[in-house]
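Q: Can you go through this structure with me? I'd like to start with the loops and then look inside.

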Amino acid sequence: LMHVPDDQQNQAGAWVLAMNHVLQAEKLYGIVRDFTELYHKGAPLVATLEDCEVQPNPFHGTTRNDDKGQQRLCTLTVVYFTKPGETGSYKESADKLPKWEPSDLYVPGSWAACVGSEGGENEAIWSRRDMRDFPYLAPIAQNLFACPPRLAAYTKAQVNLMAYLGDFIIEYHWEKLLAPVFARGSNTAVAAPACGSPAWSRPA
């Protein structure tokens, strides 16, 4: 969504990439800054940017100015679905782009550390074949024939854990970031979502 200045666009395919650029590029650094801070804390990656300048984009029909000639502004909230608390590093390769390699260590007290804690039904959850790449799931590669009669599908445990993570992300950032988003433009007060701990890891 971030607008790329004309002098930074590559000639090959630049017009294709530019079809989706409707916001100013400078705001991207704010998202990166906030996400980096949250990542090191082991928190869910959610960031809100205020006063983003809308860029003209004929493909999507956006214009820079409104009917009164004023610069159009918007508020952008980005939710990046990851495993809160995961750690890792990029591995360099001579013939490929750097690849992210997750670590077996998690930020102490984070969602990933608590869900994967030893003992009970959660023991070794992240070492399970169907959960080791969570939430970056690949049903065809991971779940082939795991959900008969379907050839490939998400397991019930994967779906439940994904929902549990979504609930945690919303609850963690509700007051500061998400409540204003859902309340904006409404005269009705928005209540925080109820917290719960579904039995996501039980086989079904």
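**Backbone, cores and a cavity**

A: This is a predicted model. Pro135 sits in the loop between H3 and helix H4 (139-142).

Q: Which residue does the cis peptide bond join to Pro135?
A: Phe134 is joined to Pro135 by that cis bond, and omega is about 5°. Most peptide bonds are trans.

Q: Next, the core. Which residues touch the most other members of the largest nonpolar core?
A: Those are Trp111, Val115, Trp126, Met131, Phe134 and Leu161, out of 18 residues in that core. Helix H3 (111-115) and helix H5 (156-183) are the elements that give two or more residues to this core. H5 gives the most, with nine residues.

Q: What lies apart from it?
A: Another core, of twelve residues, including Val22, Cys52, Val54 and Leu76. In soluble globular proteins, nonpolar side chains tend to be buried together.

Q: Changing topic: what is the phi of Asp51?
A: Asp51 has a positive phi, about 55°, although it is not a glycine. Asp51 belongs to strand S3 (residues 45-53).

Q: And why does Asp51 count as partly exposed?
A: Because its relative accessibility is 47%, and partly exposed covers values between the buried limit of 20% and the exposed limit of 50%.

Q: How many cavities of 30 Å³ or more does a search of the whole structure find?
A: One. The largest cavity holds about 40 Å³ of space.

Q: What lines the largest cavity?
A: Tyr39, Ala43, Leu45, Thr82, Lys83, Pro84, Gly85 and Glu86. That lining divides into four nonpolar, two polar and two charged residues.

Technical notes. Residues numbered from 1 in each chain as written. Predicted model: local features only at pLDDT ≥ 70, side-chain atom pairs only at ≥ 80, totals over all residues. Heavy atoms only, no water. 1 Å grid on protein atoms, 1.4 Å probe; cavity = no way out; pocket = protein on both sides within 12 Å on 5 of 7 lines; lining within 4 Å. Points joined across faces, edges and corners; volume = space filled by probe spheres on them. Nonpolar A, V, L, I, M, F, W, Y, C, P; charged D, E, K, R; others polar. Core = buried A, V, L, I, M, F, W, Y, C linked by side-chain atoms within 4.5 Å. Buried < 20%, exposed > 50% of the residue type's maximum accessible area, 1.4 Å probe, protein only. Helix = DSSP H or I, 4+ residues; strand = E, 2+ residues; numbered from the N terminus.
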